[in-house]
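Student: I have a new structure to read. Could you show me how to go through its features one by one?

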Amino acid sequence: MLGVDQRANDPGRSDTIVVMSVNPNTNSVLMFNIPRDTRTEIIGHGTTDKINHAYAFGGVDMSLQTVENFLDYRLDYYVKVNMENFKKFIDLIGGVEVNNPFAFEYEGHSFAAGPLQLNGELALSYSRMRYDDPRGDFGRNTRQRDILQSVMHHAVNIQNITKLQSILDEVGNGVKTNITFDEMKTFAADYRSVINQVDTVEIKGTGTTIDKIWYYIVAPEEQARIHNRLKEHQQAR
């Protein structure tokens with residue numbers, strides 16, 4: 001999933017990159033973020049840069065190829081979401097629920113500690129806060145995954161399956177995917193129980209400045225570890 005803040009006359013960058021592996025044999029999902037500042041080869045552009053720049057250089061295709069190269073793993077499906085349209089999508093499915101670990105304020109909104117019910121605007125704001133989080137970008141990534149997990153729970157309920165086409169029509173061009181409508185219905189019907197077990201992993205790295213630009217450096221050994229986690233999850237029985 002690529003979450004893009006896209007504005008007029010600006011292709012935007014994929015500031016949210018979430019990879020999910022779904023295994024119906026074990027009824028489980030493996031989900032993790034790729035930090036947006038990760039320094040890697042941008043496939044098709046001939047440069048080494050922040051991974052979120054791949055979208056600005058070549059859209060979804062270049063982003064997908066770059067992520068696959070970084071993980072050394074083929075990805076079957078993608079979903080690109082304009083974050084403003086994601087806000088509308090959350091409203092259309094009735095909001096999301098999260099458990100906030102600490103109270104904070106952001107963009108004029110107050111988020112108390114504990115269980116929260118969030119509409120689209122609040123969910124987007126909740127997912128964007130970074131600088132007041134003691135874990136920085138990792139804390140924000142965790143909040144994004146929590147929201148995405150709640151979205152999946154709502155999206156597979158029977159009421160929303162019947163409304164799926166109208167919801168997609170409503171959000172319009174803000175969502176782009178290679179998943180067919182029939183596949184969406186199959187996922188919602190057959191993978192419902194899978195969402196009850198979601199495992200997460202964080203990509204470890206170190207921050208460094210190169211030519212006055214800050215990057216997140218992931219060692220080859222760590223890339224291999226993430227690759228192996230994906231492979232083991234997909235092959236588990």
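Tutor: Start with rings. Rings of Phe, Tyr and Trp pair if their centres lie within 6.5 Å. Planes under 30 degrees apart count as stacked, over 60 as edge-to-face and the rest as tilted. Keep in mind that this is a predicted model.

Student: Which residues do ring pairs link into a cluster?

Tutor: Phe102, Phe104, Phe111 and Tyr126.

Student: How many aromatic pairs does a search of the whole structure find?

Tutor: The search gives 6 aromatic pairs. Take Phe86 and Phe89. Their ring centres are 6.5 Å apart and their planes are at 5°, so this pair is stacked. Both residues belong to helix α2, which spans residues 83-92. They are 3 residues apart there, so about one helical turn separates them.

Student: Is Phe86 buried or exposed? And Phe89, buried or exposed?

Tutor: Buried means under 20% relative accessible area. Phe86 has 10% relative accessibility, so it counts as buried. Phe89 is at 13%, so it is buried too.

Now look at Phe104 and Phe111. Their centres are 5.0 Å apart, with 35° between the planes, and the pair is tilted. Phe104 has 7% relative accessibility and counts as buried. Phe111 is buried as well, with a relative accessible area of 2%.

Student: What lies over the face of Tyr126?

Tutor: A charge can sit over a ring, and the distance to look at is the one to the ring centre. Arg143 lies over the face of Tyr126, at 5.7 Å from the ring centre. Tyr126 also belongs to the cluster with Phe102, Phe104 and Phe111. Elsewhere, Lys50 has its charged end over the ring of Tyr215, 5.9 Å from the centre.

Student: How many bridges join β3 to β12?

Tutor: There are 3 bridges, and the two strands run parallel. Strand β3 covers residues 28-33. Met31 stands opposite Thr200 in β12.

Terms used:
Residues numbered from 1 in each chain as written. Predicted model: local features only at pLDDT ≥ 70, side-chain atom pairs only at ≥ 80, totals over all residues. Heavy atoms only, no water. Helix = DSSP H or I, 4+ residues; strand = E, 2+ residues; numbered from the N terminus. Buried < 20%, exposed > 50% of the residue type's maximum accessible area, 1.4 Å probe, protein only. Lys NZ or Arg CZ within 6 Å of the ring centre and 35° of its normal. Pairing = 2+ DSSP bridges.
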